[in-house]
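Dear colleague,

I am passing this structure on to you. Please look through it before reading the notes below.

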Protein chains: 2
Amino acid sequence: MTKANVIKGNAVIGQSGGPTAVINESLVGVVESISRFAEVGKLLGARHGVRGIKEEQFIPLSRLGKRKLEAVALTPAAALGSSRDKPDEAYCEDILNVFKKHDVRYFFYIGGNDSADTARIVNEMADASGYELRVFHIPKTIDNDLSVTDHCPGYGSAARFVASAFMGDDRDVMSLPGIKINVVMGRNAGWLTAASSLGRQDENDGPHLVYVPEAAFSLKGFIDDVDKIYGRLGRCQIAVSEGIVDESGQPVAVALAEKLGHRVERDSHGNVQLSGSGVLGDFLADYIKSELGKSRYQKLRVRADTFGYLQRSFAGYASPVDQREARMVGRKAVEYAMAGNTDGSVAITRAKGKTYRAGYKQAKLADVARVTKELPRSYINKAGNHITDAFRTYALPLTGGLPTIGKLF
Amino acid sequence: MTKANVIKGNAVIGQSGGPTAVINESLVGVVESISRFAEVGKLLGARHGVRGIKEEQFIPLSRLGKRKLEAVALTPAAALGSSRDKPDEAYCEDILNVFKKHDVRYFFYIGGNDSADTARIVNEMADASGYELRVFHIPKTIDNDLSVTDHCPGYGSAARFVASAFMGDDRDVMSLPGIKINVVMGRNAGWLTAASSLGRQDENDGPHLVYVPEAAFSLKGFIDDVDKIYGRLGRCQIAVSEGIVDESGQPVAVALAEKLGHRVERDSHGNVQLSGSGVLGDFLADYIKSELGKSRYQKLRVRADTFGYLQRSFAGYASPVDQREARMVGRKAVEYAMAGNTDGSVAITRAKGKTYRAGYKQAKLADVARVTKELPRSYINKAGNHITDAFRTYALPLTGGLPTIGKLF
């Protein structure tokens, strides 16, 4: 590899936003790749993202052994600690000053679109002050909602978890028949909820209904849907995104929480806190009981599970495809950063053809920052209550394969 | 193998109660073992347990291919369908009459202690009427609360799931610090909640607090415990059994549900329905926020997850040890049934010594029926808010090994 464009100095890496099962693969990808460049003096890990940079809370990462690194790579959630801070101009100025103080010339930031935006601002400030800083955003999010990239590291593992959970739970609901609601993470986009359908073998398999934020949700339509499926099969398994919205665009979970007198939390990015509560699932279960349990069906068994944080941090069940790709985006970020005075984000591409094959390319920070990619309409059925085969073709390879299911009837 | 004591006739197998990840291993163990006995004409699978017998809803299981059987073995939840029916005398009489009609001489019933009791009643009725019937109960329950047996098939897989979930979630809570409550299944016994602690490497790892039904729970003590841990570590991960009881012995979840106006469901065995709702976790999270979030700690991040049915039915993550043993108890039931005019339950034994090794023995139906085995006091710490190393020694081998965790600080 030519080192002609490598600038002397130190490097900082940070992790941001909600954890994933493979966010440390990307960290390790950067650590192992950057160690090959003698021009880079120290690689500093920032504790808890931008906050750790501002407060100069660094962990030296250059001398970690292979064994330690591989153990970290397999561990879910940000090993450096994460942060939900949304840096303003002054905060970014502080970051840049810390970089100057420590002669930091490379900055790698693993995160979602908010993190890409932070990276963009710091990068522009460095440019404006004539300080050579190579800034790379490394994508991660279970939400799969970043633009440019074909899919996001972290999504495949979360999709594998959700699909496997629905496969086993569908057998559970067959075994003790009733109506089962499973609430899946995903504030603005239905990518992860859609993954609930990936293990389906035929029309009788659950989930029988899938509700995503991209299709307006009505209680009336919901009850009609459930009634139809339950009447036909004697059971009904339902996937509901925590972020479903009513016809007016208001999140159903927020309206509910307010009605029940819960305080609705918002993070520093203005995002409403939807996870870590069973309110939506419990409400929908009670609603089904009251609408269908008294009149049409006696002794109706209705249950709700809210999958919660397990979807992003469950240990020992990551997608092998996702692990590999998350490692690669870390390596690629280093490779791109060493190619010249440049900045950007790493995007995954997909080769055309029947066999799944991933590639990598450099994207612009501004194209990734603050943009959210919704589930395209072609992945949602006409009725707005299920997912199409086109989605399955897209997402199944990312899970690295799903469990075997055998049936007797 | 001597076939001197094998009686000619057909066999019935059924599955009962809450599913596990390996309940079909036991089913397949019976199917493959019994096929070696030419004296057994047909092996009939009862759809949905005792109900399927009463209604003569049978699936022929004798001619299933190896590949099909192995796929079924890997599939969570009862492949024949399960049942929560609690047969009374008349119901058992009906069962016996169906057996006589179909010349059934072998009855295998996979289930918990209620199922062992049903098996016992049917067995006594057959004896009383002079009809030779060999009845075997095959243990299964994620609750691990059956007597005689060292542990229950199904528990190891559920324990593996819970331990892995806590390991990943602990890293999540480290990464975005706060207080996290995870509600674990287990109505009367804390075995599964105790498994939350199996992945701990040191004192700083979560879960930092573990509450089981065997130790009385007080809100005051709870808040003091949480305050202490959070003050020391800046985070606190908590395992709470869904079945925790207050000082008067009343389940906290039931008291809450009644207070909130929810209808409290009971099954035909009189068991209160605790799962499939996030009420307990949400209440405890709100309580911490109101007690600690306003006064002592600003912007306190508190979240609750209720693990729900995933614990018993998640696909693709069963314990290999549990799978093997669940297969073996099915095989052993056939072996014992063929040894003479006998009846009973299959129990797992554990060889003394440092290396885990399981054995099997025949137990009496009456010793297993209706008895619940609680977590011994030696597995709970003095303060009643954590689990001891003795439990770890007991339970860790059953999980088949836990994921690798690597840390940077």
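A polar contact here is a pair of N or O atoms within 3.5 Å; within protein, one must be able to donate a hydrogen and the other to accept it, and residues adjacent in sequence count only if both atoms are side-chain atoms. By that rule, 20 residue pairs are in polar contact between chain A and chain B (both at pLDDT 80 or more).

This is a predicted model, in which local features need pLDDT of at least 70 and side-chain atom pairs count only at pLDDT 80 or more, while totals for chains, interfaces and linings use all residues. Residues are numbered from 1 along each chain as its sequence is written, chains are lettered from A and ligands numbered from 1 in the order in which they are written, and side-chain values use heavy atoms, with hydrogens and water left out.

The interface

Contact (heavy atoms within 4.5 Å) links 70 residues of chain A with 70 residues of chain B. R303(A), L408(A) and F409(A) supply 13% of the area that chain A buries against chain B, more than any other three residues; buried area is the accessible area (1.4 Å probe) that two parts lose on being put together, summed over both. Two salt bridges (a side-chain nitrogen of Lys or Arg within 4 Å of a carboxyl oxygen of Asp or Glu) are counted between the chains. One of them pairs R312(B) with D172(A), with the closest N and O atoms 2.7 Å apart. On the side of chain A that touches chain B, α6(A) gives the most, with 10 residues; helices (H or I, at least four residues) and strands (E, at least two) are DSSP runs, numbered from the N terminus.

The sheet

Chain A has an open sheet of seven strands with mixed pairing, in the order β3-β2-β1-β4-β5-β10-β11; two strands pair if DSSP finds at least two bridges between them. β3 and β11 of chain A each have a single partner strand, so one side of each is left without a neighbour in the sheet.

Regards
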